[in-house]
Amino acid sequence: MSLTDSLNWRYATTKFDSSKSISDQDIVKLKEIVKLSPSSWGFQFYKIFVITDPKLKQQLSPAAYSQDQIVDCSHLFIFCSYNNVREEDIDQMIAQFHNTRSNDDSYNKESIDKYGDGAKKSILKMEPNRQAEWLKKQCYIALGQLMVGCADMRIDSCPMEGFKSDEVDLILDLKAQNLTSVVLLPVGYRTSNDKYQYKTKVRKSDELLFEEQ
Ligand SMILES: Cc1cc2nc3c(=O)[nH]c(=O)nc-3n(C[C@H](O)[C@H](O)[C@H](O)COP(=O)(O)O)c2cc1C
């Protein structure tokens, strides 16, 4: 199957079969797909909660306007961005750059340290609202990659912004971890009575969507 076949197969699933669970092996693959997502500066200033506990799903459901996917999915991915970036967050990632690349032939300590200094100058001086927005955008890149990965593995998903972030933050005690919930991705397996899977996709024409110059 080609990637476009997979993307035509996928749709925003509204009814998951709650009796079907994604295997642990496939969850490991999905986590790897998220992990390999690119991020600005390569800093991954986000954390992803993977919820399977039925009680916690029930608790989260009202915060997502009781949309069925929250409770019925196999695993609920909650993408959370950092609330703000602290100097120590950058230091931690720079230390990881050193650890990971110290055996590379091209390893150059000074150039990594310089990269960290440049990052600090750029990120720490951002106006707070702009920084928060920038941090949230990173989550969407990982979200998109995970959705494509799911489709490739014939796992259903539904991107969801229809939820109250402040309520989810309270339930997961995110503020204390310098995190805020940004977007949800319930994943699992569709039921045959989810009418949306049978609808033809509505997309703009190439002429409207693209402009070649
Ligand atoms: C960022 C984002 C947020 C969305 N939020 C919701 C949501 O809260 N609930 C829902 O049922 N669908 C949600 N959707 C699904 C869209 O309605 C759906 O992707 C769109 O209609 C295109 O249909 P398709 O994904 O089936 O091709 C969301 C999609 C995106 C990308």
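**Notes on the core and its rings**

1. A quick one to open: the charged end of Arg190 sits over the ring of Trp9, 4.1 Å from its centre. That label applies when NZ of Lys or CZ of Arg is within 6 Å of the ring centre and within 35 degrees of the ring normal.

2. Some housekeeping. This is a predicted model, where local features need pLDDT of at least 70 and side-chain atom pairs count only at pLDDT 80 or more, while totals for chains, interfaces and linings use all residues. Residues are numbered from 1 along each chain as its sequence is written, and side-chain values use heavy atoms, with hydrogens and water left out.

3. On to the inside. The largest nonpolar core has 34 residues, and Phe43, Phe45 and Ile78 touch the most other members. Such a core is a set of buried Ala, Val, Leu, Ile, Met, Phe, Trp, Tyr and Cys residues joined through side-chain atoms within 4.5 Å. Elements giving two or more residues to this core include strand 1 (46-51), helix 5 (87-101) and strand 4 (179-188). Helices (H or I, at least four residues) and strands (E, at least two) are DSSP runs, numbered from the N terminus. Apart from this core lies another, of 18 residues, among them Ile27, Cys139, Leu146 and Cys150.

4. Have a look at Phe43. Phe43 is buried, with a relative accessible area of 0%; buried means under 20%, exposed over 50% and partly exposed in between (1.4 Å probe, protein chains only). Leaving aside neighbours within four places in sequence, Phe43 is in contact (heavy atoms within 4.5 Å) with Ile90, Met93, Ile94, Phe97, Tyr115, Ala119 and Ile123.

5. Now the rings. There are seven aromatic pairs, counting rings of Phe, Tyr and Trp (its six-membered ring) with centres within 6.5 Å; planes under 30 degrees apart are stacked, over 60 edge-to-face and the rest tilted. Phe43 and Phe97 have ring centres 6.1 Å apart and planes at 80°, so they are edge-to-face. Because Phe43 lies in the loop between helix 2 (24-35) and strand 1 and Phe97 in helix 5, the pair ties together parts 54 residues apart in sequence. Phe97 is buried too, at 14%.

6. For Phe45 and Tyr82, the ring centres are 5.1 Å apart and the planes at 35°, so this pair is tilted. Phe45 is in the loop between helix 2 and strand 1 and Tyr82 in strand 2, 37 residues apart. Ring pairs link Trp41, Phe43, Phe45, Tyr82, Phe97 and Tyr115 into a cluster.

7. Lastly, Glu110 in helix 6 is exposed, with a relative accessible area of 58%.
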